[in-house]
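Q: Can you walk me through this one?
A: Gladly; here it is.

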Amino acid sequence: MSSGDAALQSSSSKASKKPTYSRFTQQELPACKPILTPELIMAAFIFLGITFIPIGLSHLSASDHVVELIDRYDEDCIPVDNSNSEAAYNKRIGYIQDVKTDKTCTRTLIVPKKMKHPIFVYYQLDDFYQNHRRYVKSRNDEQYRNPAADHKTAHCEPESMNNDNQPIVPCGLIAWSLFNDTYSFSVNGNSLPINKKGIAWESDKTHKFGSKVYPKNFQSRSLIGGAKLNESIPLNQQEDLLVWMRTAALPNFRKLYGRIETDLEANEMIKVVINNNYNTYTFKGKKKLVISTTTWIGGKNDFLGKVYITVGGICLFIAVAFISVYLIRPRPLGDPAYLSWNLDPASN
Amino acid sequence: YVLFTGFTLTTAITDWSSMLYSIIYTSLPTIVVGILDKDLSRATLLKHPQLYGAGQRNESYNGKLFWVTIFDTLWQSIAVFFVPLVAYWASNVDGSSLGDLWTIAVVVLVNVHLAMDLFRWYWITHAAIWGSIIATFVCVMVIDALPFLPGYWAFFHIADTKLFWMCLLGITIGALIPHFVVKIFVQYYKPNDIQIAREAEKFQDSRVSRQVQIEMNPIS
């Protein structure tokens with residue numbers, strides 16, 4: 001009797017401990033249960049194939065339309081031979097570091113096809129690691145923005161203070177190594193104006209660099225790394241500096257020098273007078289002048305077009321393969337005859 | 001990336017993004033899927049208890065599958081890293097922009113990959129997966145709106161170019177093609193029991209009771 005009572009009591013207390021039913025805890029929420037049917041798969045691959053291939057082709061055609069002139073000038077613009085000997089290497093460095101020699105150099109380029117304006121002029125540096133960790137850190141954005149923050153030179157060592165312990169504005173190695181080759185262009189004796197305004201990011205000009213911050217004590221230490229800055233122009237208008245401070249992601253990179261706002265006809269000879277000032281000889285980097293038009297994908301680069309065509313082609317191939325295998329050996333979906341214990345009754 | 005920075009360990013992805021990757025960008029979908037995803041309904045399992053044998057035989061997690069997954073992941077990493085690298089080689093892209101592209105490409109890729117392998121789509125699953133992708137975009141935009149960080153405005157600048165979106169699309173599809181192809185061929189020609197049972201549930205059970213929306217009976 002007492003055990004019966006106890007059983008009754010325990011079953012009622014068991015009932016009260018049962019958790020309340022909810023669709024969430026019992027995983028009974030309404031759901032979409034997609035299954036890959038052969039029709040869906042074929043449709044997907046065919047769709048991918050017929051969209052990717054035209055995209056790839058349009059990429060390639062855009063890349064083909066870009067007219068690009070690249071001229072490597074660091075080897076020829078120096079009166080020292082290009083051998084790899086120690087002596088030649090030292091002579092090159094000696095030449096480039098000598099401030100007294102006139103380093104102008106004239107090059108002639110021939111336009112291969114008609115180029116429509118705006119034509120972009122870049123300088124390209126190869127093997128220059130602007131993405132080196134200590135280099136990338138060597139800047140102080142607070143100092144560049146705020147005129148009262150002159151003394152904030154944290155992270156900028158060794159380009160933070162000059163020999164009189166005055167802060168350098170803009171501090172840091174990135175600013176210190178500012179590129180200082182200049183180019184001037186002429187066609188048939190008429191000089192070709194280069195528009196050097198509007199080459200930096202607007203956001204840099206308005207928010208990142210101050211309109212009241214002026215360069216001070218720049219390049220005033222013993223080692224000069226690059227260009228000097230005009231001390232009467234505020235930082236946010238020094239567009240070459242702004243372009244340079246956007247450190248490049250990869251060791252072979254280009255930076256915008258300016259724009260040519262007129263068209264160039266095919267077979268025109270452009271004469272470029274270069275001031276070969278920048279020292280890439282110490283680390284055996286390369287300097288190139290690039291004149292290029294752009295299209296909706298940017299500069300000349302076939303790679304993405306080829307990727308799209310390859311992916312599209314593979315998709316079509318897979319679609320064909322799947323269709324043919326499906327026709328040869330179809331499998332009815334969900335047929336219980338294929339369950340493993342039904343296929344092999346002996347092993348049950 | 002370390003190979004292209006002269007081995008100086010510069011990170012292309014901003015420090016904040018690296019941290020948020022595990023916290024916001026990819027944790028929620030994994031948790032939601034782990035809790036809620038279900039491959040077979042209760043009715044099917046009660047009808048064919050042999051289906052539980054798949055778990056006992058380690059069909060979903062074994063040595064061979066592990067190595068296959070490793071190779072698939074290796075391919076996906078190669079695709080995510082090298083497509084932007086080569087597409088932007090010798091161009092004027094800056095470090096922060098390329099880092100943003102990599103960050104977003106990785107997050108989109110892993111979430112679409114997860115989406116491909118899901119069995120059941122509840123509204124929570126939709127919210128977690130697409131929500132994570134949107135959250136990543138928002139976080140990248142917020143990080144790039146802080147003027148004291150060097151990557152200021154980089155995302156907006158690069159997202160303005162069509163090359164960015166083309167890279168993103170190309171990476172997602174290209175990286176997932178091997179996985180998808182293997183999946184469809186294996187599912188169609190060497191289906192495991194669970195796959196057959198799922199198809200049966202969907203296509204053949206018109207007369208099987210749909211009254212699965214009942215409470216669990218107490219085990220008496």
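Q: What is the chain like over residues 163–186 of chain B?
A: This is a predicted model, and in it residues 163–186 of chain B are 100% helix and 0% strand, with the end C-alpha atoms 35 Å apart.

Q: And how much helix is there over residues 121–143 of chain B?
A: Over that stretch of chain B the chain is 91% helix and 0% strand, and 31 Å separates the end C-alpha atoms.

Q: Which feature does UniProt place at those residues?
A: The UniProt record, an unreviewed entry, gives "transmembrane region" for residues 121–143 and 163–186 of chain B, and also for 20–37, 65–90 and 96–114.

Q: Switching to the interface, how many residues does each chain bring to the contact?
A: Chain A contributes 71 residues and chain B contributes 77 residues, and between them the two chains bury about 6800 Å², of which 64% lies on carbon and sulfur atoms.

Q: How many salt bridges between chain A and chain B?
A: The count is 1 salt bridge, in which the side chains of Arg246(A) and Asp94(B) meet at 3.4 Å, N to O.

Q: Which element gives the largest share of chain A's side?
A: That is H9(A), with 10 residues, while the elements supplying at least two residues each also include helix H2 (38–65) and strand S7 (253–260) of chain A.

Q: How does that side divide by residue type?
A: The side of chain A that touches chain B has 42 nonpolar, 14 polar and 15 charged residues.

Notes. Residues numbered from 1 in each chain as written. Chains lettered and ligands numbered in written order. Predicted model: local features only at pLDDT ≥ 70, side-chain atom pairs only at ≥ 80, totals over all residues. Heavy atoms only, no water. Contact = heavy atoms within 4.5 Å. Buried area = accessible area lost by both parts, 1.4 Å probe. Salt bridge = Lys/Arg side-chain N within 4 Å of Asp/Glu carboxyl O. Helix = DSSP H or I, 4+ residues; strand = E, 2+ residues; numbered from the N terminus. Nonpolar A, V, L, I, M, F, W, Y, C, P; charged D, E, K, R; others polar. UniProt positions renumbered as here; feature names shortened; annotations may be inferred.
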